[in-house]
Amino acid sequence: MKYIPSIGIECHVQLNTHTKLFAAVGNDARNAEPNTLISPICLGLPGTLPVLNQAAVDKAARFAFAVNSRPEKHSIFERKHYFYPDLPKGYQITQLSQPIVKGGHVEIDPPAGGGGQTKIVRLNRVQLEEDAGKNTHPDGKDYSLVDLNRAGTPLLEIVSEPDIESAEQAKAYVRELYLLVRYSDVGDADLYHGNMRFDVNVSVSKDPNKLGTRTETKNLNSFKSVEKAVEYEIKRQTELLENGKKIVQETRGWDDAKQKTFAQRGKEEAHDYRYMPEPDIPPVELSEDYIKDVEASMPVLPRQWRERLESLKLNPDHIETLLEAEVEDERFSYLPLIEESIKDKEHAKFLANYFVNIEIPMRRGGKVDEDLKDAVRAEIYAEVYELLKSGKLSSTSAKSLLTSLLGQAAKPENIEKFAQEQGYIQVSDEGEIAKIVEEVLGENPQAAADVKAGELKAIGFLVGQVMKKSLGKANPELAQRLIKKQLDI
Amino acid sequence: MSQWGSVSSLVKDVQTRKRTAKELVQQSLKTIKVNEDYKAIIATTEERALKRADEIDRQIAQGEDAGRLAGVPFIAKDNFLAFGADTTAASNILKGFDTPYQATAIERLEAEGAICVAKANLDAFAHGSSTENSDFFATHNPHDKTRVPGGSSGGSAAAVVLDMAPFALGTDTGGSIRLPAAFCGAVGYKPTYGLVSRYGVIAMASSTDVIGPLTRSVEDAALVLDVMAGKDEFDSTTIERGKEGYTDLAGNLKGKKIGLIKEYFDGLDEDVKKVIDAATIKLKKAGAEVVEVSMPSLPLALAVYYIICPAEVSSNLSRYDGQRFGFSAKDVKDIDESYKKSRSQGFGSEAKRRIMIGAYVLSSGYYDAYYKRAQTVRTKLINEFKEAFSNVDFLLGPTAPSTAFKIGQNTDDPLKMYLTDIMTVAVNLVGVPAISVPAGEISGLPVGLQLIAPQKKDRELLEMADKTEELLK
């Protein structure tokens, strides 16, 4: 009998509020010198008190809707005590008994092309809490350095139920969380800077109704490491059990270089955090009106985009690429442009196709002009589409034309004229193409013979040769017709 | 008779240039010096105080508005963060802490022209009822040097009674303003929880800490409260000030219904009882209706307080870890040793005792049995007070079960020391306002009368206390 893995994931997301959770101090520490984003409150100086940042509550409330839940009308903060140099007050202000979001779920789609059903991962809770600072230990020195820029940054801790059953699902789950965070504009989710971190709880059991002993692998900071750490733990635990050994409940770390988890701290070394209600912060009370307003302000979420684009029957990978690209750079949007033209399916598909294959890779490479406005892009695509539809552009030259247009902020007054001048317009002059066809047939007698013998597959090769010789400008349909004509078939 | 007169008359003198702010500050500093051996003061802020006095005098000379407390010197308990001297909370672990910001209460007083001249002694971190727990030295009672001034705001109460300044600031977590006021013969006002910002005051037990004045009269207390009271963006537990403010006290004793707290009179010291009874008779004669009120859970208040308070203390004192400010132990090999040694050497025994009790009642497995149960009883107390106030306007009782005791008398028995707070702690757990006014003396030692009002009825309480004070003069 097989061991069934059960995986629960805790995710910490830094909120992209302007200021910290309890102090009016800048929150984006990515490019700040150490200890420049601090105040008496962040330092935990005597006499200081936390004042809750309403913007963080707003973000948490938004996220509740992103994960199919609603914010709680009444929630409280609590203190979690431990001593560590990056924790100035000696306690972290967090939520335990009455978090701001209870329940909810995240839907993850089956892997592309793999069939299967949408997976529901239930959430236990989403809570607001403050981040700690950062300790660094300079090599060969007998001291450590503490940077408190991050101390007090608002975090959402998203705790799932152990509903995830594989490493692949774990990866899909954290990726979906990433999208939800970005779409609801809760955080920047800049994984490189540790804006989003994951702890994975893994256990395996033969009994589907009973969880095995779990381990918690902490501080993973990429989708890949989540996948790999889960995969490693499932394998490690299964092997231990198959060899008659026991799983030790413990906290483990992830060694990215060795692609292995390693033991850090046993259960008996676990802290007693001596939680208590935070007396300095009154309970958070949200009115029904407030909650309704937040709900009404929610943007279109990834799952809704997937539904909206369903009728286009796009390649699922393309949809995912578009979903990711949409939130990579706020200057460029894709999905709303596609949706605007969804009545003209061919046009919408054209957009999706050219976004995925041309513009998004270009933009990721920094080659799309940053000043190009969405409205101008929409016009460019509309005109290029017309030229393509009318046969004036081949798909190859449409790509080249777009590449050239997207690289400059100013749109040429007349795109067709521009395309003409730049030599992108398709040659539909029969005489000119007939000449090229003649040459190609002469150079490829075997292929010509094959086509004549009824092997029509070879005709594609010949059309390709014509396109190549015409530098992509030949109208391929015309080329095919002329090949057939010249070969008398 | 005081050398100062009322705060409002002083302000008038300064504003009409009859006296200068500088003269007042110098007079205050001189009185502090003369009474040095009472050890009420940890440090003066002389240099800064004189500079501020010059500034106030300049403003007045130029016809500017120097504020409602223009030129009035005051003394702050040394757990208020204030410029001009270190803020120590009378603890070794904070010795040498030079604050980069000031408490909201200090800022508001300064904005109205008041001048902080000194920092008063206290039980370290306000843990105590006698000011003997100061890590530096004990303060003496102005009426009898062999006795304690009460605590933890003992330095502030003694300073006011010794005429060192027209008023002083204290903090009251379980009675720390009212008790020393009673022991020293001052007026001590504990406002409704949240009426005065706690920002910049070293926290003891956050859910019961309040800030208030120690004065020579109810009128002075009301004026100082009026300047400090109201919402503060840096303390989210603060509440709006009352619409009518707290000055120009009027009111009438006639028809007021006062409840004598039965539980506070059961087994009370006969002499204290006599003083309170005499005061009660005067109140009745003045037209107040006096009835007996019982709150059955009241005897549990002390036990509840000594669970909740240490729990919050243990948490609030976590930040004193020797890493960023204050005392840090030398010769340590790693961070754990630094924590242990800094805290072992930096904290006094009462702070350690409360940290241990607090950590214990919050630890897993004990939380429900202690902390949670204590909170349940606290809620019960709140309801019993509400119930009592549905029948009476004010509650009345003694502030303390005895007069000031001898220095050293209770130091070996923490439980006996804790019992000093038996009549004051319930008010803090419930969050209602209370005041201690001098009611008489026993063998030359003052006795305090405590009046308690419903939440946010601070103005009504001050009016009542003002009239009572007049009666008892």
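What follows is a set of questions about a predicted model and the reasoning behind each answer.

Colleague: How do you know how confident the predictor is in chain B and in the complex?

Modeller: Chain B has a mean pLDDT of 96, on a scale from 0 to 100. In chain B, 100% of the residues reach 70 or more. For the complex, the predictor gives an ipTM of 0.96 and a pTM of 0.92.

Colleague: What makes chain A more spread out than a compact globule?

Modeller: The globule rule gives 23 Å for 489 residues, and the radius of gyration of chain A is 29 Å. That value is well over the rule, so chain A is called more spread out than a compact globule. Its C-alpha trace spans about 90 × 60 × 55 Å along the principal axes. Chain A has 15 helices and 16 strands, and 43% of its 489 residues count as buried.

Colleague: How does the radius of gyration of chain B compare with that of a compact globule?

Modeller: For 473 residues a compact globule would have a radius of gyration near 23 Å. Chain B has 21 Å, which agrees. The C-alpha atoms of chain B fill a box of roughly 70 × 60 × 45 Å along the principal axes. Its secondary structure comes to 16 helices and 11 strands, and 60% of its 473 residues count as buried.

Colleague: What share of the contacts in each chain joins residues at least 24 positions apart?

Modeller: Here the contacts taken into account have a separation of 6 or more in sequence. In chain B, residues 24 or more positions apart account for 76% of them. In chain A, the share is 70%.

Colleague: Why is Arg17(B) called exposed?

Modeller: Arg17(B) has 10, so it is exposed. Arg17(B) lies in the loop between α1 (7–15) and α2 (21–34) of chain B. Its C-alpha atom is separated by 8.0 Å from that of Ala61(B), which is 44 residues away along the chain.

Colleague: And why does Leu362(B) count as buried?

Modeller: The cut-off for buried is 20 or more other C-beta atoms within 10 Å. Leu362(B) has 24 such neighbours, so it counts as buried. This residue is found in helix α12 of chain B.

Colleague: Which residues does Leu362(B) touch, leaving out those up to four places away in sequence?

Modeller: Leu362(B) touches Ala311(B), Ser314(B), Tyr367(B) and Tyr371(B), and also Arg274(A) and Met276(A) from chain A.

Colleague: How do you know that the two chains touch, and what is the side of chain B made of?

Modeller: Two residues are in contact if their C-beta atoms lie within 7 Å. By that test, 34 residues of chain B are in contact with 24 residues of chain A. Helices α10 (301–316), α11 (335–346) and α12 (349–362) of chain B each supply at least two residues of this side. The largest share, three residues, comes from α10(B). By class, this side of chain B has 16 nonpolar, 11 polar and seven charged residues.

Colleague: What do domain 1 and domain 2 of chain A share by way of contacts?

Modeller: Four residues of domain 1 of chain A are in contact with four residues of domain 2 of chain A. On the domain 1 side, these residues divide into three nonpolar, no polar and one charged. The C-alpha centres of the two domains lie 38 Å apart.

Notes
Residues are numbered from 1 along each chain as its sequence is written. Chains are lettered from A and ligands numbered from 1 in the order in which they are written. This is a predicted model: local features need pLDDT of at least 70, side-chain atom pairs count only at pLDDT 80 or more; totals for chains, interfaces and linings use all residues. Helices (H or I, at least four residues) and strands (E, at least two) are DSSP runs, numbered from the N terminus. Ala, Val, Leu, Ile, Met, Phe, Trp, Tyr, Cys and Pro count as nonpolar, Asp, Glu, Lys and Arg as charged, and the others, Gly among them, as polar. The radius of gyration is taken over C-alpha atoms; the globule rule is 2.2 Å times the number of residues to the power 0.38. A residue is buried if 20 or more other C-beta atoms lie within 10 Å of its own, exposed if 12 or fewer, and partly exposed in between; C-beta atoms are placed from the backbone. Domain bounds come from an automatic or database domain assignment.
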